[in-house]
Amino acid sequence: MHVKITIDPAAAAAPYEQLRAQIADQARSGRLPVGFKLPTVRGLAEELGLAANTVAKAYRALETDGVVETRGRNGTFVAAAGDAAAREAAAAAQAYAERVTRLGLDRESALALVQDALRALG
């Protein structure tokens with residue numbers, strides 16, 4: 001199994017963000033199964049023609065999001081992130097719901113704002 005990543009230098013998103021998003025999507029869809037060992041930072045950087053710091057930044061963001069876990073010298077692996085991601089999203093949704101309620105927005109307006117924000121992300 002191999003990580004399939006393509007970096008588009010003309011894209012609006014920074015290379016580390018393209019890398020982060022593609023690995024996250026592949027992990028969440030199951031194309032990269034839980035426990036899959038990702039390439040080393042240097043190896044992936046070399047393969048993609050990126051600076052090692054760019055790949056390291058993407059791996060750190062993925063670890064923060066619970067998508068991957070680093071096991072020291074053993075490497076970086078796809079984590080069982082589905083539950084963690086769902087819990088974090090539910091907590092964010094709860095916080096948003098409480099905030100818009102305090103601001104006096106109705107349900108339709110609050111949902112429209114979320115939909116607009118998601119559309120803006122692409």
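User: What share of the residues in the protein chain is buried?

Analyst: Buried means under 20% relative accessible area, with a 1.4 Å probe and protein chains only. In this predicted model, 27% of the 122 residues in the protein chain are buried. Local features need pLDDT of at least 70 and side-chain atom pairs pLDDT 80 or more, while totals for chains, interfaces and linings use all residues. Residues are numbered from 1 along each chain, and side-chain values use heavy atoms, without hydrogens and water.

User: Which residues have the most contacts inside the largest nonpolar core?

Analyst: In soluble globular proteins, nonpolar side chains tend to be buried together. A nonpolar core is a set of buried Ala, Val, Leu, Ile, Met, Phe, Trp, Tyr and Cys residues joined through side-chain atoms within 4.5 Å. Here the largest one has 20 residues, and L19, I23 and L38 have the most contacts inside it. At least two residues of this core come from each of helix 1 (15-29), helix 2 (41-48) and helix 3 (52-64).

User: What does L19 touch?

Analyst: Contact means heavy atoms within 4.5 Å. Leaving out residues up to four places away in sequence, L19 touches I5, I7, L44, L48, V55 and A58.

User: In what order do the elements run?

Analyst: Helices (H or I, at least four residues) and strands (E, at least two) are DSSP runs. From the N terminus, the order is α-α-α-β-β-α-α. The radius of gyration, over C-alpha atoms, is 17 Å, well over the 14 Å of the globule rule (2.2 Å times the number of residues to the power 0.38), so the protein chain is more spread out than a compact globule.

Note on methods. Buried means under 20% relative accessible area, exposed over 50%, partly exposed in between (1.4 Å probe, protein chains only).
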